[in-house]
Amino acid sequence: MSSTDVKHLAIIMDGNGRWAKKRGFSRTKGHEKGADVIRDITTYCATNKEIDTVTFYAFSTENWKRPKLEVEFLMKLLDNYLQKELKTYQENGVRFKAIGNFDVFSQALQKRIQETEKATKNNTKLIQILALNYGGRAEIVNSVNKLISTGKTILTEEDISSTLQTPYNDIDLLIRTSGEERISNFLLWQLSYAELYFSPTLWPDFSTKELEEIIQNYKTRTRRFGGIK
Ligand code: IPE
Ligand code: IPE
Ligand code: MG
């Protein structure tokens, strides 16, 4: 593996609503189409030798501000997705993991998340992480609280890194679709030295072909990490 490999890819999937509106559909249609794209990209990542983890931002701690019907639809979609996806995970050697705060989800959805994690835990081709009711700041605060509850009064970066929910903390490449150029409270700690790529494509139109092009672009970059190269 060279330093230009994308080991941990993170994606802010944005633009589902605009994709649907452009076609005269309800926003929920965009979310449905968006879920199909997660499957395609995950299957691709499982066959790509350099990628070992892909993290998708599926629902933020701020997304509760959306209309109740849209939130309910997204919860149902997630449950259906995980139910249908088990086959894809097993066939492609994908280990599923969720990050975020699930306490507020229905019991059925919490159970589905736990069962999917358990059923896929021995798969080794790729780790697919879904960020669900996730906020970067909340994740850091949770880590700090966990550490101080053990009696620690002084914390190191390693202490915090090792108590975050993500198994691999550092992200190599972050892609955000839909033309928006912001982080929206995604993996704040883990993104500190990530390469950023903003694509104008709306998430339901995103493809493995575009992902391959973005990875090629990433390989032309020089990651200096503060040094000189
Ligand atoms: C991303 O698409 C999906 C979620 C945040 C759940 P959006 O729903 O934000 O789509 P736009 O940004 O309104 O087009
Ligand atoms: C970010 O998209 C969250 C997810 C993709 C889950 P949003 O559409 O919620 O972000 P903002 O509100 O435009 O920053
Ligand atoms: Mg959006």
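Guide: A helix here is a DSSP run of H or I with at least four residues, a strand is a run of E with at least two, and both are numbered from the N terminus. E85 sits in one such helix, α3. This is a predicted model: local features need pLDDT of at least 70, side-chain atom pairs count only at pLDDT 80 or more, and totals for chains, interfaces and linings use all residues. Residues are numbered from 1 along each chain as its sequence is written, chains are lettered from A and ligands numbered from 1 in the order in which they are written, and side-chain values use heavy atoms, with hydrogens and water left out.

Visitor: Why is E85 called buried?

Guide: Buried means under 20% relative accessible area (exposed is over 50%, partly exposed in between; 1.4 Å probe, protein chains only). E85 has 2%, so it counts as buried.

Visitor: What makes E85 and R39 a polar contact?

Guide: You need N or O atoms within 3.5 Å, one able to donate a hydrogen and the other to accept it; residues adjacent in sequence count only if both atoms are side-chain atoms. The side chains of E85 and R39 come in at 3.0 Å, and the pair counts as a polar contact.

Visitor: What makes β2 and β4 a pair?

Guide: Pairing takes at least two DSSP bridges. Parallel strands β2 (53-60) and β4 (126-134) have 7, and T55 has I129 as its bridge partner in β4.
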